[in-house]
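Subject: Structure handover

Hi,

Here is the structure I promised to pass on. Please open it first, then read my notes below.

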Amino acid sequence: MSSDSQSRQSTALPVSRVKYIGILQDGVYRTNPVTYQVLGICIFLAVTTKVENALVMGFALIFVTAMSNLLVSLLRNTIPRRIRMIAEVAIIATFVIFFDQFLKAFYWDMSKQLGPYVALIITNCIVMGRAEAFAIQNPPLPSLVDGIANGIGYALILVLIALFRELIGFGTILGYTVLSPAWYERNILFIMAPGAFFVAGFLIWVLNFINPPKPAEVGK
Amino acid sequence: MKDNTRTLLFAGVLGLICALALAGVSQFTAPYRQANEKAEEVRNYLAALGVPGREGMSSQELLDVFEENVRVEQLGEQTVYRYIPGSGSQAEAVAVAVPFSGVGLWGPIRGVLALGPNFTTIRGIRFFDQQETPGLGGEIGAEWFQNQFVGKRIVSAGGDPGFKVNKPGTPEDVNSVDGITGATMTSSRVEAILDNLAKELLKEKQSDVQ
């Protein structure tokens with residue numbers, strides 16, 4: 001959770017000033033979990049090789065962050081301070097296993113594709129980060145919105161990176177051939193982990209160029 | 001002290017609720033998951049053996065086709081699935097399938113290898129249970145990788161049992177396929193599993209003949 005200090009800045013707003021739109025914008029764009037907070041990198045290396053996988057993973061993230069944020073927020077006055085992190089992890093793990101079981105029961109093929117990575121959402125820093133930085137000190141509704149916003153923010157970047165990687169690496173998008181193997185040489189590098197770093201780094205650069213971090217935050 | 005009690009109580013109650021919720025979900029999904037797993041296995045046996053079937057058959061249909069066409073026998077220590085079309089109207093098996101399992105990079109790899117009735121030529125292969133890296137080692141579950149095996153032999157040109165998974169670009173052999181670029185660890189583990197299987201099979205077959 002090395003990034004807690006970063007994500008904490010946008011928290012603990014008085015309820016009267018909470019603007020849901022603002023929370024949404026923060027999560028999806030202004031303080032995007034991947035490009036701005038640089039969280040949850042471990043998983044996206046593995047699941048962004050194909051757009052389809054990235055979509056399902058993004059959906060899982062939205063579900064888990066939203067639900068765990070809501071629950072943590074509802075319990076925020078009950079959870080003893082000293083074990084709050086353990087409690088958060090227990091709640092997150094429960095929702096992740098829900099989702100994993102759901103995939104195994106009803107979307108068997110996708111569950112096979114994603115393998116162990118669905119379960120690894122438990123250790124995704126975004127989920128824990130939002131619970132710890134936002135939900136534990138804000139009312140349920142803003143927390144739910146924050147969870148959804150950050151989930152969407154993560155999912156968007158996942159899909160964007162997967163678009164590049166699948167296109168350059170396999171020459172396909174969502175399994176449809178775009179660059180024909182007849183004249184296009186697949187670039188395997190983009191399927192491997194370094195490819196994700198290249199694409200993500202490039203994306204972070206572009207997004208931070210369009211939307212530079214505010215000076216006050218840079219000095220931190 | 002009072003604080004500690006409260007903390008313990010909270011942890012206990014939260015743990016209990018989470019556990020109960022998970023147990024409930026697991027109970028609810030168990031039949032679906034088991035049906036999926038069973039159908040998955042059967043589907044792979046049928047596909048490897050080349051038993052004709054429609055796309056998108058339900059679990060029950062798959063099981064029916066399996067019952068009708070496949071007979072399970074023991075060859076030494078090896079379980080053998082014989083494909084006899086139309087349940088025994090012909091005595092001779094068209095193909096035989098042997099399950100295999102071994103150690104992958106992240107977890108166990110399980111699959112099934114289908115061979116001609118003489119246990120030499122590969123008719124098909126399926127890796128149906130594996131946790132290799134998606135997009136890299138996970139490609140062993142992909143069509144293109146598995147299709148390479150069709151027509152290969154588990155006996156070398158010189159007559160020795162064995163199988164090789166080579167680096168892509170290596171000249172082909174009667175008993176080798178190309179591995180996966182970027183997934184050397186998975187490729188070599190697959191090689192070890194199949195090589196071992198080829199040797200085991202020959203041993204069983206010889207002792208069976210005697």
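First, a definition: two strands pair if DSSP finds at least two bridges between them. Helices (H or I, at least four residues) and strands (E, at least two) are DSSP runs, numbered from the N terminus. With that, E2(B) and E3(B) pair in the antiparallel sense, over 3 bridges.

Some ground rules. This is a predicted model, where local features need pLDDT of at least 70, side-chain atom pairs count only at pLDDT 80 or more, and totals for chains, interfaces and linings use all residues. Residues are numbered from 1 along each chain as its sequence is written, while chains are lettered from A and ligands numbered from 1 in the order in which they are written.

Chain B overall

Chain B has 5 helices and 7 strands. From the N terminus the order is α-α-β-β-α-β-β-β-α-β-β-α. Its C-alpha atoms fill a box of roughly 80 × 45 × 35 Å along the principal axes. The radius of gyration of chain B is 22 Å, whereas a compact globule of 210 residues would have one near 17 Å. That radius is taken over C-alpha atoms, and the globule rule is 2.2 Å times the number of residues to the power 0.38.

Of the 210 residues in chain B, 33% are buried. Buried means that 20 or more other C-beta atoms lie within 10 Å of the residue's own; exposed means 12 or fewer, and partly exposed is in between, with C-beta atoms placed from the backbone. Now the contacts (C-beta atoms, placed from the backbone, within 7 Å). Among those in chain B with a separation of 6 or more, 49% join residues 24 or more positions apart.

The sheet in chain B

In chain B, 5 strands form an open sheet in the order E1-E2-E3-E4-E5, with antiparallel pairing. Strand E1 (70-75) and strand E5 (122-129) of chain B stand at the edges with a single partner strand each, so one side of each has no neighbour in the sheet. From one strand to the next, the twist averages 25°. Helix H1 (residues 2-49) of chain B packs on this sheet and touches E1, E2, E3, E4 and E5 of chain B. The direction of H1 makes about 160° with that of E5(B). For such angles, axes are lines fitted to C-alpha atoms, for helices over the stretch in contact, and the angles run from 0 to 180 degrees between N-to-C directions.

Look next at strand E3 (residues 95-103) and strand E4 (residues 108-115) of chain B, which run antiparallel and are joined by 8 bridges. E3(B) and E4(B) form a hairpin with 4 residues between them. B:Val103 has B:Pro108 in E4(B) as its bridge partner. B:Ala97 is the bridge partner in E3(B) of B:Tyr81. In E4(B), the partner of B:Ala97 is B:Ala114.

One residue to check is B:Phe119, in the loop between E4 and E5 of chain B. B:Phe119 is not a glycine, yet it has a positive phi of about 60°. It counts as partly exposed, because it has 19 C-beta neighbours inside 10 Å.

Where the chains meet

The contact takes 28 residues from chain A and 25 residues from chain B. On the chain A side, H5(A) gives the largest share, 10 residues. That side divides into 18 nonpolar, 7 polar and 3 charged residues. Here Ala, Val, Leu, Ile, Met, Phe, Trp, Tyr, Cys and Pro count as nonpolar, Asp, Glu, Lys and Arg as charged, and the others, Gly among them, as polar.

The cores

A nonpolar core is a set of buried Ala, Val, Leu, Ile, Met, Phe, Trp, Tyr and Cys residues joined through C-beta atoms within 7 Å. The largest has 56 residues; A:Val47, A:Met57, A:Val64 and A:Leu158 touch the most other members. H4(A) gives the most to this core, with 12 residues. Apart from it lies another core of 45 residues, including A:Ile191, B:Val51, B:Val70 and B:Ala114.

The buried residues of H2(A) are A:Ile23, A:Asp26, A:Gly27 and A:Val28. They pack against H8 of chain A. A:Tyr176 is found in strand E2 (residues 176-177) of chain A. A:Tyr176 is exposed, with 8 other C-beta atoms within 10 Å.

Best wishes

Terms used
Contact = placed C-beta atoms within 7 Å.
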